[in-house]
Amino acid sequence: MYNINYRADVILAYARGDVNGDKVPDNVYLTGTKTPDSPFAQNITLVIQDGKTHITAATPLKENAGYDPSLFLGDFTGDGVEDILIGIASGGSGGTMFYYIYSYISNILRLLFDFNVYNEQFQYDVNYKDNYRVEFISRLNKQKYIIDLSYKGADYLNEIYDSNGKLKEPIEGFVNPISGLYPIDFDSNGVYELLAYQKIAGRYNADAIGYVQNSLKWSNGIFTLYNQDVAIFGSQV
């Protein structure tokens with residue numbers, strides 16, 4: 001982190017709010033280099049201008065290339081000061097996203113959420129079972145769920161099950177990295193929680209069978225899991 005007179009090639013996103021806690025709104029930007037005739041951006045950098053002193057500080061992001069960068073300011077920790085949520089679409093086929101949340105109290109940048117840490121922490125097992133079922137296990141909280149595949153239809157089921165509902169061969173599915181992270185104030189107390197989405201896939205990425213939805217809240221200096229749901233995408237005709 002360093003103070004500079006910063007001149008950006010392109011402003012990719014902008015938000016205004018008090019992020020350093022001095023009660024004066026600050027200017028928060030994502031800047032970067034745009035590819036001609038493309039929404040792709042590189043060298044994405046977080047730039048914060050102190051609303052009181054007008055001093056500007058810039059911090060390059062670790063994952064600093066992608067599509068449609070976005071900013072959201074909101075209090076995630078309960079200290080009464082807005083934090084900075086950054087989202088960047090990876091552009092990959094799985095629809096995965098890069099997310100960071102930063103605190104900037106007293107002009108000191110601190111990373112609160114890193115999508116890579118989240119993806120490493122939340123690990124799952126996806127195993128097809130007989131009788132048109134998939135066993136989904138969330139390792140972190142040691143929870144097991146059963147997904148009924150009947151909604152997928154006869155053509156799908158006949159590819160992988162025999163006439164008695166037995167698997168023709170073992171199948172292991174997988175879960176994509178995080179594809180959505182939404183700030184929601186679930187209890188209406190002015191502090192935002194996080195709702196994280198990940199797609200559950202079967203034999204290949206396009207073989208979507210459901211999603212896992214993790215609700216996170218700030219507790220003891222980290223975002224912790226306090227609710228989890230697993231659901232199917234909906235009936236297929």
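Let's start with K166, which is partly exposed at a relative accessible area of 41%. Here "buried" means under 20% relative accessible area, "exposed" means over 50%, and "partly exposed" lies in between, using a 1.4 Å probe and protein chains only. This is a predicted model, where local features need pLDDT of at least 70 and side-chain atom pairs count only at pLDDT 80 or more, while totals for chains, interfaces and linings use all residues. Residues are numbered from 1 along each chain as its sequence is written, and side-chain values use heavy atoms, with hydrogens and water left out.

Now for K166's partner. Its side chain meets that of D130 in a salt bridge, 3.6 Å from N to O. K166 sits in the loop between α2 (154–160) and β13 (174–175), while D130 is in the loop between β10 (124–129) and β11 (133–138), so the pair links distant parts of the chain, 36 residues apart. D130 is partly exposed too, at 30% relative accessibility.

A salt bridge here is a side-chain nitrogen of Lys or Arg within 4 Å of a carboxyl oxygen of Asp or Glu. Helices (H or I, at least four residues) and strands (E, at least two) are DSSP runs, numbered from the N terminus.

Next up are D148 and R133, whose side chains form a salt bridge at 3.1 Å, N to O. D148 belongs to strand β12 (residues 143–148) and R133 to strand β11, 15 residues apart. D148 has a relative accessible area of 34%, and R133 has 32%.

E135 and K144 make another salt bridge, at 3.7 Å. E135 is buried at 15%, whereas K144 is exposed at 55%.

Finally, salt bridges link K152, E159, R203 and D207 in a network. The structure holds 7 salt bridges.
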